[in-house]
Amino acid sequence: MKIIDISMELNEKTVVWVDDDSPKLIPVARIPNAPINFTWLDFGSHAGTHIDAPYYLFNEKWKSDEVPFEVLIGDCQVIDLCDVEDYIEIVDLKKHNISSKRILLKTKNSYDNMEKYNPNHVALSQEAAKYLRDLGVKLIGYDYQSFERNGEVNIHRIFMQENIICLDNLRLKEAEEKEYNLICLPVKVTGIDAAPSRAILIEK
Ligand SMILES: [Zn+2]
């Protein structure tokens, strides 16, 4: 069984949204100066690979711990859009036979060395977002901090209105355009807008 880890490394070098502080991994205790190694974690809810819960934009919708496993686990399809330079448009999506309800969009972003935030990362157009919504997709994974540039939330609104879960900051370099089984397990942090997650693909 081949398993691909599509999660981003989460540490003090992890690139986060430009207005956020970098994650801190504070060494509270270290052997041999202490009997144990113990670290204090301090980072935003959208640092590294994470799910966005619809509560991000809607007070009455699913929070970080309420997203059903049925959405986060199951068959998924990696769509290779590495030929897109700027915005993913409907025409780009139509080149692919999208059949799964879980879609991971692999772009050039997966080849970014992630040393600093790229404001011109490959993004999704609002029309393309509506196209995916209308296909009945339940989870959409992406290989950057957001589908949108400049901290906008138009696409988030299109998805979250329909309880579509965004799985952000994936690393899809190792994934090919085909079907896998996705396992995405968000940390059970309760009642908030997002949760750090480990995400893996299992070859079928
Ligand atoms: Zn997010």
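Trainee: In this predicted model, which loop holds N169?
Mentor: Look at the two strands on either side. One is β10 (165-168), the other β11 (179-186). N169 sits in the loop between β10 and β11.

Trainee: Is N169 buried or exposed?
Mentor: Count C-beta atoms inside 10 Å. The cut-off for burial is 20 or more. N169 has 27 such neighbours, so N169 counts as buried.

Trainee: What is the phi of N169?
Mentor: Most residues other than glycine have a negative phi. N169 is not glycine, yet its phi is positive. The value is near 60°.

Trainee: N150 also has a positive phi near 60°. Is N150 buried or exposed?
Mentor: N150 lies in the loop between β9 and α4. A residue is exposed at 12 or fewer neighbours. N150 has 8 C-beta neighbours inside 10 Å, so the label is exposed.

Trainee: Which residue of β10 is the bridge partner of D52?
Mentor: Start with the strand pair. β4 and β10 run antiparallel, joined by three bridges. Within β10, the partner of D52 is C166.

Trainee: And which residue of β10 stands opposite I140?
Mentor: Turn to β9 and β10. They run parallel, with three bridges between them. Opposite I140 stands C166.

Trainee: What is the handedness of the unit made by β9, α4 and β10?
Mentor: The two strands, β9 and β10, run parallel. With α4 they make a β-α-β unit. That unit is right-handed.

Trainee: Which residues touch the most other members of the largest nonpolar core?
Mentor: In soluble globular proteins, nonpolar side chains tend to be buried together. The largest nonpolar core here has 44 residues. Strand β12 (residues 194-203) gives the most to this core, with four residues. The members touching the most others are I51, I103, L104, L105, I140 and L167.

Trainee: Which residues are in contact with L104, leaving aside its neighbours within four places in sequence?
Mentor: L104 is one of the core members that touch the most others. The contacts left are C76, V78, I79, G141, L170, L172 and A175.

Trainee: Which residues of helix α3 are buried, and how wide is their arc?
Mentor: An α-helix has 3.6 residues a turn, so residues three or four places apart point the same way. In α3 (residues 126-134) the buried residues are A128, A129 and L132. They lie on the same side of α3, because their arc around the axis is only 105°.

Trainee: What covers the buried residues of α3?
Mentor: The cover includes both strands and helices. The helices are α2 (90-93) and α4 (154-160). The strands are β6 (87-88), β7 (102-106), β8 (123-124) and β9 (139-142).

Trainee: How many residues of β2 are buried?
Mentor: Strand β2 (residues 24-29) has six residues. It lies largely in the open, because the number buried is zero.

Trainee: Which residue of β3 stands opposite A29?
Mentor: β2 and β3 (residues 38-42) run antiparallel, joined by five bridges. P27 stands opposite T39. Opposite A29 stands F38.

Trainee: Is S64 buried or exposed?
Mentor: S64 is in the loop between β4 (50-52) and α1 (69-72). Its contacts beyond four places in sequence include A53, P186 and G191. With 24 other C-beta atoms within 10 Å, S64 is buried.

Trainee: What radius of gyration does the protein have?
Mentor: The C-alpha trace spans about 60 × 35 × 35 Å along its principal axes. A compact globule of 204 residues would have a radius near 17 Å. The protein agrees, at 17 Å.

Definitions and conventions: Residues are numbered from 1 along each chain as its sequence is written. This is a predicted model: local features need pLDDT of at least 70, side-chain atom pairs count only at pLDDT 80 or more; totals for chains, interfaces and linings use all residues. A nonpolar core is a set of buried Ala, Val, Leu, Ile, Met, Phe, Trp, Tyr and Cys residues joined through C-beta atoms within 7 Å. Two residues are in contact if their C-beta atoms, placed from the backbone, lie within 7 Å. The radius of gyration is taken over C-alpha atoms; the globule rule is 2.2 Å times the number of residues to the power 0.38. Two strands pair if DSSP finds at least two bridges between them. The arc is that of the directions from the helix axis to the C-beta atoms. A crossover is right-handed if, with the strands pointing away from the viewer, the path from the first strand over the helix to the second runs clockwise.
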